[in-house]
Amino acid sequence: MPSFSHSWLPFLYLYGFGGFFFLAGLILIQRSKALSIKRKKQQKWRRVLVFGFFYFMLIHTILIIAAIYW
């Protein structure tokens, strides 16, 4: 069985620090008016970006669990 530092620690680093920079990037984009929340089309793309982040995080979680316990 792999240790915590070989399985979950890289996951936490990737989605912890990566999520922080992703969120900071979204805030920067919104403050610079490059992405307007008032427009429906741009709201859709913001949701797509956030959904994509959590989608890949979920897939990565499932694959780590599968590799460790099956």
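Predicted model: local features only at pLDDT ≥ 70, side-chain atom pairs only at ≥ 80, totals over all residues.
**View 1. Helices α1 and α2 lie roughly antiparallel to each other.** Helix α1 covers residues 4-31 and helix α2 covers residues 40-69, and their axes come within 12 Å of each other. The axes cross at roughly 180°, and because angles over 145 degrees count as roughly antiparallel, the two helices are described in that way. With its 28 residues, α1 reaches 38 Å from its first C-alpha to its last, which is close to the expected 40 Å. Helix α2 has 30 residues and reaches 43 Å between its first and last C-alpha, close to the 44 Å expected for it.

**View 2. Residues of α1 meet residues of α2 along the contact between the helices.** On the side of α1, the residues in this contact include Ser7, Trp8, Phe11, Leu14 and Tyr15, and also Gly18, Gly19, Phe22, Leu26 and Gln30. From α2 they are met by residues among which are Arg46, Leu49, Val50, Phe53 and Phe56, as well as Met57, His60, Thr61, Ile64, Ile65 and Ile68. Sorted by class, the contact of α1 with α2 has 14 nonpolar residues, six polar residues and one charged residue.

**View 3. Both helices contain buried residues.** In α2 the buried residues are Gln42, Gly52, Phe53, Ile64 and Ile68, and what covers them includes α1.

**View 4. Six aromatic residues form one cluster.** The members of this cluster are Trp8, Phe11, Tyr15, Phe22, Phe53 and Phe54. The count of aromatic pairs in the model comes to nine. One of them joins Phe53 and Phe54, whose ring centres are 5.4 Å apart and whose planes stand at 80°, so the pair is edge-to-face. Within this pair, Phe53 is buried, with a relative accessible area of 18%, whereas Phe54 counts as partly exposed at 47% relative accessibility.

**View 5. Tyr55 and Phe56 form an edge-to-face aromatic pair.** Their rings lie 5.6 Å apart from centre to centre, with 75° between the planes. Tyr55 is partly exposed, with a relative accessible area of 40%, while Phe56, at 54% relative accessibility, counts as exposed. Phe56 also belongs to the residues of α2 that are met by α1.

**View 6. Lys33 has a positive phi in the loop between the two helices.** The residue is found in the loop between α1 and α2, where it comes just after α1 and takes a phi of about 65°. This positive value occurs although Lys33 is not a glycine. Lys33 is exposed, and its relative accessible area is 71%.

View 7. Is Ile29 itself buried or partly exposed? At 34% relative accessibility, Ile29 counts as partly exposed, since that class lies between the limits of 20% for buried and 50% for exposed.

Terms used: Residues numbered from 1 in each chain as written. Heavy atoms only, no water. Axes fitted to C-alpha atoms, helices over the stretch in contact; angles between N-to-C directions. Helix = DSSP H or I, 4+ residues; strand = E, 2+ residues; numbered from the N terminus. Parallel < 35°, antiparallel > 145°, perpendicular 65-115°, else oblique. Contact = heavy atoms within 4.5 Å. Nonpolar A, V, L, I, M, F, W, Y, C, P; charged D, E, K, R; others polar. Expected span 1.5 Å × (residues − 1). Buried < 20%, exposed > 50% of the residue type's maximum accessible area, 1.4 Å probe, protein only. Phe/Tyr/Trp six-rings, centres within 6.5 Å; stacked < 30°, edge-to-face > 60°.
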